[in-house]
Amino acid sequence: MISWGWRWWAHLCGKDVFRNIPEQKNRSISSLWRSYHQRTSGSLLDPEIRKFLEENTEITSSGNLTPEIKLRLLTPHCRFWKEKAALWPYKEPYWAIYWPGGQGLSRYLLDNPEVVQMKKVLDLGSGCGATAIAAVMSGASEVVANDTDPIAGAALMLNCELNKVNPFLFVSDNLIGSEVDSWDLIVLGDMFYSEQLANNLHQWLKKCIRTYGTKVLIGDPGRHHFVCHQIHSQLHKVTEYSLPELTQQESNGSTSTMVWHYRP
Ligand SMILES: C[S@@+](CC[C@H](N)C(=O)[O-])C[C@H]1O[C@@H](n2cnc3c(N)ncnc32)[C@H](O)[C@@H]1O
């Protein structure tokens, strides 16, 4: 039996597993998800997906760096923490963990609202949506969350509801490599987990910066594909946070997480 537990996730992170994620295992996601471009309004959420997520996640606000944000996550009290992975009916739920990189970024945005106030912000690889929600809470004028897993968009809807945050746009297209848009700020939490992704992100982010002067902030606890990538020589450390005990225990040895400003 494969456990979905933290240690398993941490073990996977840093390997090229994301490139091999199979598509929907036993049903077409498009039949469940009305559109890949949705305002995060709970009323648009397919009732079947809502029920599944409500039954298989737990609301939590402790053990991470942003206790002021409530999140539905996969915890040891959830069935799929220990259940056979094959029974999970969607893509592997990487969104269901609040990763150290995202935690640091969200903490930074909440503590430094001037970074996002009146800004058009993209959270790329938004996962559970915590960093996008932090940007909204801190006064961003426009926030778009982007994750290639549409179920992350559904989780984001529920998490917006939990935090009484007004609906904002979720996009599930792969934006990396696409024509760049005029973002004031792009935030990325724990997105440098494979060499290929790091290379693609590096080029695309550079284009965003050169075309529109976009500011890019990256949250990362020191993962191999981030620290060893050439992008690292063009980063400026903004801040570092000690990880809470629970996140440390379950993050494969990481004790802190950092926010970096990419300035090529
Ligand atoms: C390690 S998780 C980080 C989630 C969140 N940023 C955090 O820090 O908690 C990576 C997320 O990126 C998403 N992802 C993977 N490739 C992507 C891509 N090309 N574009 C957008 N999202 C992607 C995954 O579905 C997953 O939710």
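The legends below describe close-up views of a predicted model.

**Figure 1. Overview of the protein chain in the predicted model.** The protein chain holds nine helices and 10 strands. It has 264 residues, and 43% of them are buried. Among contacts with a separation of 6 or more, 72% join residues 24 or more positions apart.

**Figure 2. The shell around the ligand.** The ligand is surrounded by 23 residues. Trp99, Gly102, Gly125, Gly127 and Gly189 are the closest. By class, the shell has 11 nonpolar, nine polar and three charged residues.

**Figure 3. Helix α4, residues 100–111.** The helix has 12 residues. From first C-alpha to last it reaches 17 Å, close to the 16 Å expected at 1.5 Å a residue. Most of α4 is covered, with 11 of its 12 residues buried.

**Figure 4. The packing of α4 with α5.** The two helices, α4 and α5, meet at an angle of about 0°, and their axes are 9 Å apart. That angle is why α4 counts as roughly parallel to α5. On the α4 side, the contact is made by Gly102, Leu105, Ser106, Leu109 and Leu110. On the α5 side, it is made by Ala130, Thr131, Ala134, Ala135 and Met137. Seven residues of the contact between α4 and α5 are nonpolar, three are polar and none is charged.

**Figure 5. Ala135 and its contacts.** Ala135 is part of helix α5. Ala135 has 31 C-beta neighbours inside 10 Å, so it counts as buried. Leaving out residues up to four places away in sequence, Ala135 touches Leu109, Val116, Val121, Asp123, Ala140 and Val143. Of these, Leu109 belongs to the α4 side of the contact with α5. Leu105 lies 30 residues from Ala135 along the chain, and their C-alpha atoms are separated by 9.6 Å.

**Figure 6. Helix α6, residues 150–162.** This helix has 13 residues. It reaches 19 Å from its first C-alpha to its last, close to the 18 Å expected at 1.5 Å a residue. The rest of the structure largely encloses α6, because 11 of its 13 residues are buried. Those buried are Pro150, Ile151, Ala152, Gly153, Ala154, Ala155, Leu156, Met157, Leu158, Asn159 and Cys160. Lys164 follows α6 and has a positive phi, near 55°.

Figure 7. Most residues other than glycine have a negative phi. Met118 sits in the loop between α4 and β4 (120–124). With 10 other C-beta atoms within 10 Å, Met118 is exposed. Lys164 sits in the loop between α6 and β6 (169–171). Lys164 is exposed, with 8 other C-beta atoms within 10 Å.

Technical notes:
Residues are numbered from 1 along each chain as its sequence is written. This is a predicted model: local features need pLDDT of at least 70, side-chain atom pairs count only at pLDDT 80 or more; totals for chains, interfaces and linings use all residues. Helices (H or I, at least four residues) and strands (E, at least two) are DSSP runs, numbered from the N terminus. The expected span of a helix is 1.5 Å times one less than its number of residues. A residue is buried if 20 or more other C-beta atoms lie within 10 Å of its own, exposed if 12 or fewer, and partly exposed in between; C-beta atoms are placed from the backbone. A residue is near a molecule or strand if its C-beta atom, placed from the backbone, lies within 6 Å of it. Ala, Val, Leu, Ile, Met, Phe, Trp, Tyr, Cys and Pro count as nonpolar, Asp, Glu, Lys and Arg as charged, and the others, Gly among them, as polar. Two residues are in contact if their C-beta atoms, placed from the backbone, lie within 7 Å. Axes are lines fitted to C-alpha atoms, for helices over the stretch in contact, and angles run from 0 to 180 degrees between N-to-C directions. Angles under 35 degrees count as roughly parallel, over 145 as roughly antiparallel, 65 to 115 as roughly perpendicular and the rest as oblique.
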